[in-house]
Amino acid sequence: MSIFEYNGSAVVAMVGKNCFAIASDRRLGVQLQTIATDFQRISKIHDHLFIGLSGLATDVQTLYQRLVFRHKLYQLREERDMKPETFASLVSAILYEKRFGPYLCQPVIAGLGDDNKPFICTMDSIGAKELAKDFVVSGTASESLYGACEAMFKPDMEAEELFETISQALLSSVDRDCLSGWGGHVYVVTPDEIKEKILKGRMD
Amino acid sequence: MSQSAVDVPPKGGFSFDLCKRNDMLTQKGLKAPSFLKTGTTIVGLIFKDGVILGADTRATEGPIVADKNCEKIHYMAPNIYCCGAGTAADTEAVTDMVSSQLRLHRYQTSRDSRIITALTLLKKHLFSYQGHVSAALVLGGVDITGPHLHTIYPHGSTDTLPFATMGSGSLAAMSVFEAKYKEGLTRDEGIKLVAEAICSGIFNDLGSGSNVDICVITKGNNEYLRNYMEPNPRTYVSSKGYSFTKKTEVLLTKITPLLERVEITEVGEAMEE
């Protein structure tokens, strides 16, 4: 079994018109046993920047704590929030530092940059950035997510349609993956508000 | 006080503290993760006025295409570019690092960078990690001594060649070069040949795909032709798009309105003497 299949996860982010959506499943398991159905994989770094981490849950939590620490230091020094592109470079550097003994997680970063332009990117576990203009996926359900997003994605969707698309893509992909599921957690962020929604999915 | 308790930004280089834990997990039977590789076809050739570099744009993670349009031609200096194959994080990190070192060197010497400088910096780094930093590079550029093209292997050996190919599609591309390369090609002939070599990699090698990127470097000028050719467009998109008849069931909604950014226009009073 691969190390990424120890806990199970599914994270996806999509770009819309001046907005972005990031979604994850809610299951935390130890191989085939489910031990939590409300695990938080997506965390807020600041109002316009979210990071979703898939992979080994202990590294997800450790890496998140390190990143929040670095961002708070940055805020104290620069007196402003970090831009999403800068944050992506920071995460990439922190992951590459551990090139020969890596953190076993894959981040998905989504944020609104200057001029409210949405930015998404994902990385492998050693920090190879992959910028995309449409969607990024990560986790055990990633292969199904690739397929679902390729089919369902349209460019320049508004927030409501984007929410519907990302939810349908997430739920249909985790239904085909034993290790992720038990509902979904979706954040849709526009320049004016953050909408957080919890989805009802199959409980198996 | 224990150093490991504080997350002090380190002075640089790799940190090995998670190695023991990861070894323990591997011994327990959990396979290590696969990294993002750039399966790749990368090529370079020297033509009459300089160097042309070419690359495909597919990044793979095992058998899955992770990125359909990634950038494999990395900037090193205004007159030097480098194509990278192998583990994506390694090629990006190593080219970024040497690019910064070259810039500092330019500031110190007040001269344009030479390709041989970039070559030596790269091969020293790769050799010292004995091939574990898995980056196979095609380095090309034009400096005061003329056009140069080199290949660098992950263990640190280098070759200087008039035309070169690397990556999983290198055999497909090399067959095109061996058949059609001649000295003294013009710019258009060179670009056509590079595009043909990359296309043969795209169509015949499973690790390479999507589009063709080309970079033309001549004395005093460089031209980065991103997505010069797109021989694999997506033609099956339905214009109607997806429509969902059943809406997703939402259990809970929480809306956080974001504070409006307040502009401070009043200038503070000047200090009294």
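In this predicted model, B:Leu122 sits against B:Met76, B:Val94, B:Val98, B:Leu137, B:Leu139 and B:Ile152, leaving out residues up to four places away in sequence; touching, or contact, here means heavy atoms within 4.5 Å. B:Leu122 also belongs to the largest nonpolar core, which has 53 residues. Such a core is a set of buried Ala, Val, Leu, Ile, Met, Phe, Trp, Tyr and Cys residues joined through side-chain atoms within 4.5 Å, and buried means under 20% relative accessible area, with exposed over 50% and partly exposed in between (1.4 Å probe, protein chains only). Along with B:Leu122, the members touching the most other members are A:Val12, A:Met14, B:Met76, B:Ile80, B:Leu137 and B:Leu139. The element giving the most to this core is H4(A), with 7 residues. Another core, of 38 residues, lies apart from it and includes B:Val43, B:Ile52, B:Leu193 and B:Cys215. In soluble globular proteins, nonpolar side chains tend to be buried together.

As for numbering, residues count from 1 along each chain as its sequence is written, and chains are lettered from A and ligands numbered from 1 in the order in which they are written. Local features need pLDDT of at least 70, side-chain atom pairs count only at pLDDT 80 or more, and totals for chains, interfaces and linings use all residues, while side-chain values use heavy atoms, with hydrogens and water left out.

Now to the sheets. One open sheet runs through 6 strands in the order S10(A)-S1(A)-S2(A)-S11(A)-S12(A)-S14(B), with antiparallel pairing. Helices (H or I, at least four residues) and strands (E, at least two) are DSSP runs numbered from the N terminus, and two strands pair if DSSP finds at least two bridges between them. The edges are S10 (135–139) of chain A and S14 (250–257) of chain B, each pairing on one side only. Inside this sheet, S2 (20–25) and S11 (184–189) of chain A share 6 bridges, and A:Asp25 has A:Gly184 as its bridge partner in S11(A). Helix H4 (159–174) of chain A packs on the sheet, touching S1, S2, S11 and S12 of chain A plus S14 of chain B, at about 155° to S1(A). Angles run from 0 to 180 degrees between N-to-C directions, with axes as lines fitted to C-alpha atoms, for helices over the stretch in contact.

Chain A also has an open, antiparallel sheet of 5 strands, S5-S6-S7-S8-S9, with S5 (42–46) and S9 (129–132) as its edge strands. S7 (105–112) and S8 (118–123) of chain A pair over 5 bridges, and A:Val108 stands opposite A:Thr122. Helix H2 (84–97) of chain A touches S5, S6, S7, S8 and S9 of chain A, and its direction makes about 10° with that of S8(A).

Where do the two chains meet? The contact takes 55 residues from chain A and 54 residues from chain B. Buried area (the accessible area, 1.4 Å probe, that two parts lose on being put together, summed over both) comes to about 4900 Å² between the chains, with carbon and sulfur atoms giving 58%. A:Tyr96, A:Glu97 and A:Phe100 supply 14% of the area that chain A buries against chain B, more than any other three residues. There are 7 salt bridges between the chains, each a side-chain nitrogen of Lys or Arg within 4 Å of a carboxyl oxygen of Asp or Glu. One of them joins A:Glu196 and B:Lys254, with the closest N and O atoms 3.7 Å apart.
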